[in-house]
Amino acid sequence: MTSLANVTLADLDLFEHDQPWAVFDELRAKAPVHWDEEEAPNHGFWSLTRYHDIVGVLRDTETFSSERGTVNLEELDADQIEARKSMLETDGVRHRALRKLMQGEFTPRAVAGYETFLRGLTATTLDTAFAKGEFDFVADVAADFPIRVLARMLDVPDTDIHKLIDWGNRMVGNTDPEHADVLSTSAESEEYRLLPFRSPAAQEVFDYGNELARQRRGKNGTDLVSRLANETPSDGIPLSQRDFNSYFLLLVVAGNETTRHTITHSMNYLMQNPDQMALLQERPELIPWAVEEFLRLASPVYHFRRTATRDTEINGQAIKEGDKVVTWFAAGNRDPEVFDDPYRMDVTRNPNEHMSFGRGGPHMCLGNALARLEIRIMYEDLLGRVDGMEQIGELSRLRSNFVNGIKRFPVRVELAK
């Protein structure tokens, strides 16, 4: 390992080549609150890699704000902050009101109502993929499945699914030349500086969502778009145009990206750990608990950022007001002080208080119950059908230090006799 003075988690090469883990380990051991340099116009950030430090920041919203700045690494001016603000970039009463607007749709009881639909959808997805024998696990299984669930919740036709996938790829892949219309670090991206991810795809999502809202406003639909179009948050402040746009975009991205990548990473880990796959096939009652290990290892979102609202300190390190503080969930999920032998896949791991959905605090992932249900049902069906699966080509990773994504994962399936 090079000198820690030369390490920066702003280096996307580390993530594209699946190499941040040794850096996380060294930082956690030697510099758990580490200053990472960035290229201009950004000014650098503090990286937290220990589990308990991360939890402390997530819970202290008065000192470490989501609203002051943004939750991503890009440093925004006042115009950008105002134009881009979403539920993720709010704190306090307004955040609770925006969250409550959709919270009832994502409780464990509410999402349990989708189980029959999910089982049918899973069966159809796997039937189609397995009939090919050889296929891309991402395109044919992991990407197809959660986006169809989202389409049902938004009440949009299956014919629009390819657009939803494409928009998510282009926005989340804003630092990957394969996916980005315009790389977020390029001079050309200035044209899109007021849009989320600096992506023209965001405007396409806004336009699509607004047309749906126009059709449903004033009616009594119960889908997510109708709720956004017709209801007022509990604080009495109606959704502005920006609020609607950002909420709809958040549903499109968060409702798809993290689940698809967790499903993909989990299959990859099971193929690397055939004993764990065999255990789940012999004892499928373990799968609900195994989902927590899938989520821990996948860590589909590498980090979220907060901004210090006052001078403070973490682990004895002085933090100045206005400094960016980045909580690396992926590092916390492999903290040996919390997880015994953290790089080992153990589908019986208990306890397993991973932080893939956040850990405590008001910003914990709203859709966590739905994601858990989707992953569980997928693996209950998949593992009951196969004797094995083999990788037959290169696994291609997203060039991003925000989303831990897999773009392609070619496999061959051996079906159970």
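# Close-up views of a predicted model

**View 1. A298 sits in a helix.** A298 is found in helix α16. Helices here are DSSP runs of H or I with at least four residues, strands are runs of E with at least two, and both are numbered from the N terminus. This is a predicted model, in which local features need pLDDT of at least 70, side-chain atom pairs count only at pLDDT 80 or more, and totals for chains, interfaces and linings use all residues. Residues are numbered from 1 along each chain as its sequence is written, and side-chain values use heavy atoms, with hydrogens and water left out. A298 has a relative accessibility of 0%, so A298 counts as buried. Buried means under 20% relative accessible area, exposed means over 50%, and partly exposed lies in between, with a 1.4 Å probe and protein chains only. Leaving aside neighbours within four places in sequence, A298 is in contact with T262, H265, Y269 and N404. Contact means heavy atoms within 4.5 Å. V326 is 28 residues from A298 along the chain, and their C-alpha atoms are separated by 19 Å.

**View 2. Helix α16 meets helix α18.** Helix α16 covers residues 287-298, and helix α18 covers residues 368-383. Their axes come within 9 Å and cross at roughly 115°. That makes α16 roughly perpendicular to α18. Axes are lines fitted to C-alpha atoms, for helices over the stretch in contact, and angles run from 0 to 180 degrees between N-to-C directions. Angles under 35 degrees count as roughly parallel, over 145 as roughly antiparallel, 65 to 115 as roughly perpendicular, and the rest as oblique. The crossing of α16 and α18 is right-handed. A crossing is right-handed if the near helix is turned clockwise from the far one by less than a right angle, and left-handed if anticlockwise. From α16, the contact residues are I287, P288, V291, E292, F294 and L295. From α18, they are R372, I375, R376, Y379, E380 and L383. By class, this contact of α16 with α18 has eight nonpolar, no polar and four charged residues. Ala, Val, Leu, Ile, Met, Phe, Trp, Tyr, Cys and Pro count as nonpolar, Asp, Glu, Lys and Arg as charged, and the others, Gly among them, as polar.

View 3. Helix α18 has 16 residues, and 14 of them are buried. From its first C-alpha to its last, α18 reaches 22 Å, close to the expected 22 Å. The expected span is 1.5 Å times one less than the number of residues. Helix α7 (residues 115-130) packs with α18 at about 50°, with the axes 9 Å apart. The two helices, α7 and α18, are therefore oblique to each other. Their crossing is right-handed. On the α7 side, E115, L118, R119, T122, A123, L126 and F130 take part. They meet L373, E374, R376, I377, M378, E380, D381 and L382 of α18. The contact of α7 with α18 has eight nonpolar, one polar and six charged residues.

**View 4. Helices α14 and α15 pack together.** Helix α14 spans residues 257-272, and helix α15 spans residues 274-282. They pack at about 105°, with their axes 5 Å apart. That makes α14 roughly perpendicular to α15. M267, L270, M271 and Q272 of α14 contact P274, Q276, M277 and L280 of α15. The residues of this contact of α14 with α15 divide into six nonpolar, two polar and no charged.

**View 5. F45 lies in strand β2.** The strand β2 covers residues 45-48 and holds F45. F45 has a relative accessible area of 0%, so F45 is buried. P200 is 155 residues from F45 along the chain, and their C-alpha atoms are separated by 27 Å.

View 6. A cis bond joins A40 and P41, with omega about 15°. P41 is in the loop between β1 (33-36) and β2. Another cis bond joins N350 and P351, with omega about 5°. P351 is in the loop between α17 (329-332) and α18.

**View 7. F197 has a positive phi.** Its phi is near 65°, in a residue other than glycine. F197 lies in the loop between α10 (161-172) and α11 (200-216). F197 counts as buried, at 17% relative accessibility.

**View 8. N315 has a positive phi.** Phi of N315 is near 55°, and N315 is a residue other than glycine. N315 lies in the loop between β6 (312-314) and β7 (317-319). At 49% relative accessibility, N315 counts as partly exposed.
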